[in-house]
Amino acid sequence: MPAKTSKRQPARELLFGNLWEYDPAPETASPQLQSRYQLFIDGKFTAPKTKKYFPSISPRNEETLAEIALAGAADVDAAYAAAAKAFPAWSKLPGAERGKYLYRIARLLQDRAREFAVAETLDGGKPIKESRDFDVPMAAAHFFYHAGWADKLNSVTPGKTLAPLGVVGQIIPWNFPLLMLAWKLAPALACGNTLVLKPAETTSITCMKFATLLLEAGLPPGVVNFVTGAGETGAAVVNHPTAKKIAFTGSTAVGKSIQHALAGTDKKLTLELGGKAANIVFEDAAIDQAVEGIINGIFFNQGHVCCAGSRLLVQESIADRVLAKIKIRLRSLRVGDPLDKNTDIGAINSQKQLEKIRELVDAGVNEGAELYQPACSIPSKGFYYPPSIFSGVTLSQHIAREEIFGPVLSILTFRTPEEAIEKANNTAFGLSAGVWTDKGSLILKMSTELKAGVVWANTYNKFDPTSPFGGFKESGFGREGGKQGLLEYAQLI
Ligand code: NAP
Ligand code: MG
């Protein structure tokens, strides 16, 4: 609520910053955390054979939330053995029966939505309004969607049916822990596979909470196994001989190392990797709408988004106007406690990621781009970074080429559609892009010529389980979502 609504002067606020004062509005639902989380193998919570645990801290205030089991090679082995044992019965279940489990999981997640949202925000740092309104409902939507496919696997490709691959190894990153888990589990289970999944080291909690939900749903033991740990545990998941397929979401560097490791084996592989998307604004676009799309495109989830619109390409004739409007909008963003319902930009996921963002921003300044950061108060404990924009960026600069994975926008200009396409495609990545224009024909031209797995027109960051998502070039291969995503977990017979 504004402090004194009647005396506010909006024009002054727009010029000099955010004069609104808000009372704290913390989300109060309990995340129902345990002090220690074991591995989830064969339907049981199991202590790791390594006897080791590591802390999961909250980037919100650096407090330890829980201890997480560290899975070693022997634990990964046990997880694969459980998945292999569960495969024959699970894969032979009629699709409609498998679908019932997926529906049940989706509904149970809806029932416990607030609890999961708070846990996700505490462990990962994203604003509660995002985990509440996006991550958790979208995760449930993926289970609902794939539940519907489980008994229709003979309708995906005419004349053929989809048969499972066997045991699948899955590895996910920390930016959308629960949602990435849903993207991985739901299609794999619908097709009749069993699986071993490793969440990211900094965000294991919602994955382990999800195990309790699988037990509630009565999922047969061994169908889903969770092993927690860092890169070494991930490598054990990738290299295990039982895996028929590896599905990886994460950085391009690790994706490449997995591709090397699997070369010469008969394992299937999908890689969902990094991005450096161009968000392209033409002079005839609805500017205010585009500015909202630019802000959402880069500051959603603190910019920890593989498809973030991190390179703004704006037509030269409107560049000054757009820049001025972005600066005004930046001053109204609220940075701070992610548990507060009014927070727009929460905590950076880890100290390591915060340092990476600082390094890349320093590189941008040293290379001559102009940095703007609005004045904003940042909590003294925890990992936070102000929303930042660089103008006058050129394509050769690090901030135009490397994935920053933080709340930092690089702004470039162009004159013609051809120049926009050339600049947008001049990157090693190819995950997503945005186009803002009033002309339908220009949208068609751009979406045809942009080398990106997803092109949003006059909107940004729109997701739906029916819509396949994935990359070109160093953004990886394979698709998640829609029919195409199902095909990645099946063989056609
Ligand atoms: P990351 O460092 O590559 O880690 C991803 C996962 O791989 C984590 O679980 C990680 O474990 C594990 N890992 C690390 N080294 C491994 C190895 N040698 N073998 C097997 N697994 C290994 O990526 P991140 O920093 O967590 O995530 C951010 C990246 O993910 C960004 O580049 C982003 O663009 C990308 N991403 C892509 C998509 C997409 O759909 N294309 C979606 C979301 C994110 P630990 O973290 O526990 O060490
Ligand atoms: Mg954490």
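I count two strands as paired if DSSP finds at least two bridges between them. Helices (H or I, at least four residues) and strands (E, at least two) are DSSP runs, numbered from the N terminus.

I note that this is a predicted model: local features need pLDDT of at least 70, side-chain atom pairs count only at pLDDT 80 or more, and totals for chains, interfaces and linings use all residues. Residues are numbered from 1 along each chain as its sequence is written, and chains are lettered from A and ligands numbered from 1 in the order in which they are written.

**Strand 11**

I looked up strand 11 (residues 268-272). Two bridges join strand 11 to strand 19 (residues 476-477), and the two run antiparallel. Leucine 271 stands opposite phenylalanine 477 in strand 19. Strand 10 (residues 245-249) runs parallel to strand 11, with five bridges. There, isoleucine 246 has leucine 269 of strand 11 as its bridge partner. Four of the five residues of strand 11 are buried (20 or more other C-beta atoms within 10 Å of the residue's own, with C-beta atoms placed from the backbone).

**Helix 14**

Next I checked helix 14 (residues 417-425). Which of its residues are buried? I found Ala420, Ile421 and Ala424. They fall within an arc of 100° seen down the helix axis, so they line one face of helix 14. The arc is that of the directions from the helix axis to the C-beta atoms.

**Domains**

I then read the domain bounds, which come from an automatic or database assignment. Domain 1 covers 36-273 + 475-492, and domain 2 covers 278-457. Their centres, taken over C-alpha atoms, are 30 Å apart.

How values were computed. Buried ≥ 20, exposed ≤ 12 C-beta atoms within 10 Å, placed from the backbone.
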